[in-house]
Amino acid sequence: MNILSLFVLIPVLMLLGLWIARNLGQVRGVMVAGSTALLALSIWLTFYFIEQRSAGNTDVMLLTASTPWFKPLNIAYSVGVDGISVVMLLLSSIIVFTGTFASWQLKPLTKEYFLWFTLLSTGVFGFFICTDMFTMFMFYEVALIPMYLLIGVWGSGAKEYAAMKLTLMLMGGSALLILGILGIYYFSGATTMNVNEIAALHNIPVDMQKVFFPFIFIGFGVLGALFPFHTWSPDGHASAPTAVSMLHAGVLMKLGGYGCFRVAMYLLPEAAQELSWIFLILTTISVVYGALSACVQTDLKYINAYSSVSHCGLVLFALLMMTKTACTGAILQMLSHGLMTALFFALIGMIYGRTHTRDVRRLGGLMKIMPFLAVGYVLAGLANLGLPGFSGFIAEMTIFVGSFENPDMFHRVCTIVACTSVVVTAVYILRLVGKILYGEVSDPHYLQLTDATWDERLSVACLIFCVAGLGTFPFWASNVINDAVIPILNNINM
């Protein structure tokens, strides 16, 4: 068995373990054991990948394997990883591990909650290891379906509305995806649905590429919060339970950017070049609109949700610039934003669990009451606004420098407009931190509240360590990502 299949097998075993678990202690034991195993496996894979590249192994994909699944349509269970897949698997395992501890006290129906949470994780891991388009799509759907129940049952606020809106909009994107995937397979003349083999043929007619590129890019872009298809995201984030928000914004939205780059731009390169200006305008709007919308929100989760629209828009924006530096920055932004937004949502959930409100106007003086959570929130905010030493600075600077490498005026104007989001982000983050953490305690009842428990401290500390670690030592990640970006860009710029 290929070792990459363990990323699917371990969650499946976790599902089995959760099903037979008889009490809360056994449920927690299964989740801790499984999430720790996934984290250890992803760390090993990262070091293995770096070692192989250091040893001179120049294969685009490592640990490849393929097993026929449905021969009439040439569908296979094909797996393999490059630098982009490796860092996405690492990100996913970190979020699943920390999300487990962020949900430590969740009630009721704890067992059922973790069953759906693990099924969602199975889809995410399967998507990142697969190289067959249809199998990728299957895991993509597996990752989306549990969101409906996780939000609808364990969420808060207008949870039924948010769950239905999210599901219907993402299913609409999925309908576009399946049409695009079948179109690529049919017109490529390939005898396989393997992404790398179809890219190597490079024989899809340009007219057909122009037809199917919007299908694939919009289909994945809906999950990546592409304007104007982003409206499901704030409602979904705001209503989801803490760990689901962490996995949703931290990992699930990254499936959108990954799919746009790996499938739409890689397999339809001529269409990507000719139509990129349309989507570049939309992503520039996403970046600025998301930041401005965050400024006027009063709900902590909505603020972070619109911030995610802006930051995920920056991922698609950078990919469409089609320079090596910008695309490397896009993948770094996916990794950075995944860690930052997971940290934010974890802290917001912990604050809400104590104060029972997310209304900024009703919060104040929390630094005096819960200093650990307050300091964590300050650090998350500084990372989000791009302070040097944190991951946000490295990712955003790489994106803007790479985007400005384009010599034409259109790309440079879009870059300048997108840069304004950095200033806007600083405005709402600093105002937010000052309002809810400092000054007088807004409600005397808050004085009776406690600070973070051990499980919450573990989750927050792990995420802060990762955000600061990536910001301080980014070169290992950029080197790993570069090796994967170059072959895709070479195919686009042939």
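The model is predicted, so local features need pLDDT of at least 70 and side-chain atom pairs count only at pLDDT 80 or more, while totals for chains, interfaces and linings use all residues. Numbering runs from 1 along each chain as its sequence is written, and side-chain values use heavy atoms, with hydrogens and water left out.

Phe-213 also belongs to the largest nonpolar core, which has 181 residues; Phe-213, Phe-217, Leu-255, Leu-267 and Tyr-377 have the most contacts inside it. Helix α14 (residues 324-355) gives the most to this core, with 18 residues. Such a core is a set of buried Ala, Val, Leu, Ile, Met, Phe, Trp, Tyr and Cys residues joined through side-chain atoms within 4.5 Å, and buried means under 20% relative accessible area with a 1.4 Å probe, protein chains only.

Now turn to a helix pair. The axes of α4 (residues 110-129) and α5 (residues 133-154) come within 7 Å and cross at roughly 155 degrees. That makes α4 roughly antiparallel to α5, a label for angles over 145 degrees. Among the residues that meet are Trp-116 and Phe-117 in α4, and Phe-139 and Tyr-140 in α5.

What about the cysteines? The structure holds 0 disulfides, a disulfide being a pair of cysteine sulfur atoms within 2.5 Å. The sulfur of Cys-130 lies 18 Å from the closest cysteine sulfur, in Cys-260, so the two are too far for a bond. Cys-130 is buried, at 3% relative accessible area.

Definitions and conventions:
Buried means under 20% relative accessible area, exposed over 50%, partly exposed in between (1.4 Å probe, protein chains only). Helices (H or I, at least four residues) and strands (E, at least two) are DSSP runs, numbered from the N terminus. Axes are lines fitted to C-alpha atoms, for helices over the stretch in contact, and angles run from 0 to 180 degrees between N-to-C directions. Angles under 35 degrees count as roughly parallel, over 145 as roughly antiparallel, 65 to 115 as roughly perpendicular and the rest as oblique. Contact means heavy atoms within 4.5 Å.
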